[in-house]
Amino acid sequence: MAVPPPSLLRSALRLLVYLLPFAQWPRPPPPPPPVPGPGASFSVRDFGAAGDGCRYDTAAIQDAIDACHAHAAAAAAGCTCRVAFPPGRYLTATVRLKSGVVLDIQSGATVLGGTEIGNYPREADRWYVILAEGARDVGITGGGAVDGQGLEFVRRFDERKNVMVSWNKTGACLGDECRPRLVGFVGCTNVRVWNVSLNQPAYWCLHIVRCVNTFIHDVSIYGDFNTPNNDGIDIDDSNHTVITRCKIDTGDDAICPKTYTGPLYNLTATDCWIRTKSSAIKLGSASWFDFRGLVFDNITIVESHRGLGMQIRDGGNVNDITFSNIKISTRYYHPSWWGRAEPIYITTCPRHSWSKEGAVSNIRFINITADSENGVFLSGSKGGLLRNLRFSNVNLTYKRWTSYEGGLADYRPGCQGLVKHGMAGIIMEHIKGLEIENVNMRWADEKSWQWDNPLDFRPSTVNGISFRDFHSDLYS
């Protein structure tokens with residue numbers, strides 16, 4: 001088996017050395033999964049795939065995967081085999097990726113997801129175009145694309161937010177989000193996705209569920225900007241995950257760790273470019289278990305509705321998270337999208353009256369630059385305090401350039417919803433321990449009157465604040 005390029009290993013080492021002074025315990029990043037060598041290759045064309053975008057190639061693709069899996073299983077442990085997709089358009093229902101198999105979707109090739117409910121399994125939690133369950137040493141690469149044909153699921157196009165088809169009438173799932181995801185790895189070990197484009201998902205794009213050792217790099221994700229729920233990368237209950245050199249341009253959340261059935265720890269995301277009508281990076285809102293040891297470094301966020309976010313709603317706790325070397329631009333979009341142009345947003349209110357409150361602690365924001373239409377929002381709750389937050393070398397520039405209404409605080413989902421609230425540079429609620437060092441706020445002169453003050457907090461709920469080199473000024 002080949003090893004990752006030395007440049008990737010050097011980048012990981014530099015990041016570790018930079019962040020070590022801020023770490024609470026030693027936690028070197030896990031080694032990436034092995035890079036599949038050339039090994040054997042099976043072409044889907046040899047199994048009868050037409051590649052014309054009209055006829056379904058599901059059986060041919062699955063037969064090639066099964067043959068490749070059998071070959072890998074007969075070889076030495078850890079060996080992989082490739083299923084090659086030569087240039088063409090391969091229409092398919094759900095195909096199941098198996099251990100030891102890497103899909104080699106070559107440049108000029110596109111795997112197209114079917115748009116009929118009959119193309120997918122009966123169980124809604126298995127609605128994926130490509131699905132791997134309980135597999136080891138699996139991946140997708142090749143320079144080509146996987147396309148979910150998401151625009152075929154739009155019932156009414158709307159520049160504010162599209163109205164989408166939902167397959168809830170089948171009874172397989174409930175609500176208005178019953179659509180297939182694009183790619184899913186569920187309960188897998190040693191997952192690698194690289195050098196591939198993932199386009200137009202009808203629902204979530206790349207879904208990592210209860211996986212260990214996942215390496216995602218040099219991936220381009222594109223979803224329609226007006227389509228809801230087309231998240232970029234969702235990481236559920238998965239540990240030892242690395243995301244690097246990815247471009248994500250989509251309507252909904254871009255990188256979204258969640259906890260449903262267990263904790264999530266050791267996630268590193270670096271060197272990414274993001275644009276979204278929702279949150280660029282968001283922890284939650286599914287948060288039944290803890291998040292620990294996450295690093296986000298050298299990321300550019302462009303014209304997004306929210307930059308760095310945490311929506312903790314279900315009792316899980318968040319500890320030891322670092323955001324560093326991040327450039328942010330946030331603006332208002334239609335209020336049907338969660339977010340009010342906050343560059344940084346943390347809330348811990350319970351989802352329901354009976355929900356637990358999770359706490360957030362030891363969060364670091366280092367070398368952050370933001371141009372935003374709204375301020376930072378830090379809101380804990382009585383039973384879910386924000387503790388030991390640190391802002392170091394942060395530059396915030398506030399100006400208005402859209403015509404959407406300001407003066408609203410967004411607690412969604414659940415909690416208080418949208419609430420009228422004065423605009424401030426930083427809004428603080430239920431905090432114990434906040435260190436601000438070398439933080440600069442600048443205000444656009446022509447509309448600075450729309451902000452009530454630089455800092456908005458009540459001593460009854462916010463305590464232990466330290467300021468060193470804090471500046472606030474107008475700019476022309």
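User: Before we start, what do buried, exposed and partly exposed mean here?
Analyst: Buried means under 20% relative accessible area, exposed means over 50%, and partly exposed is in between, with a 1.4 Å probe and protein chains only. This is a predicted model, where local features need pLDDT of at least 70 and side-chain atom pairs count only at pLDDT 80 or more, while totals for chains, interfaces and linings use all residues. Residues are numbered from 1 along each chain as its sequence is written, and side-chain values use heavy atoms, with hydrogens and water left out.

User: Where are the cis peptide bonds, then?
Analyst: One runs from Gly284 to Ser285, with omega near 0 degrees, and Ser285 belongs to strand 22 (residues 279-285). Another joins Arg412 and Pro413, where omega is about 0 degrees. Pro413 is in the loop between strand 30 (408-410) and strand 31 (418-420).

User: New topic: how many salt bridges are there?
Analyst: The count is 19. A salt bridge here is a side-chain nitrogen of Lys or Arg within 4 Å of a carboxyl oxygen of Asp or Glu.

User: What does Asp314 pair with?
Analyst: Asp314 meets Arg351 in a salt bridge, at 2.8 Å from N to O. The two are 37 residues apart and link distant parts of the chain: Asp314 is in the loop between strand 24 (306-312) and strand 25 (318-330), and Arg351 in the loop between strand 26 (342-347) and strand 27. Asp314 is buried, with a relative accessible area of 7%.

User: Nice. Which residues form a network?
Analyst: Salt bridges link Arg96, Asp125, Arg126 and Glu133 in a network. Within it, the side chains of Asp125 and Arg126 meet at 3.7 Å, N to O. Asp125 is exposed at 52% relative accessibility, whereas Arg126 is partly exposed at 27%.

Methods: Helices (H or I, at least four residues) and strands (E, at least two) are DSSP runs, numbered from the N terminus.
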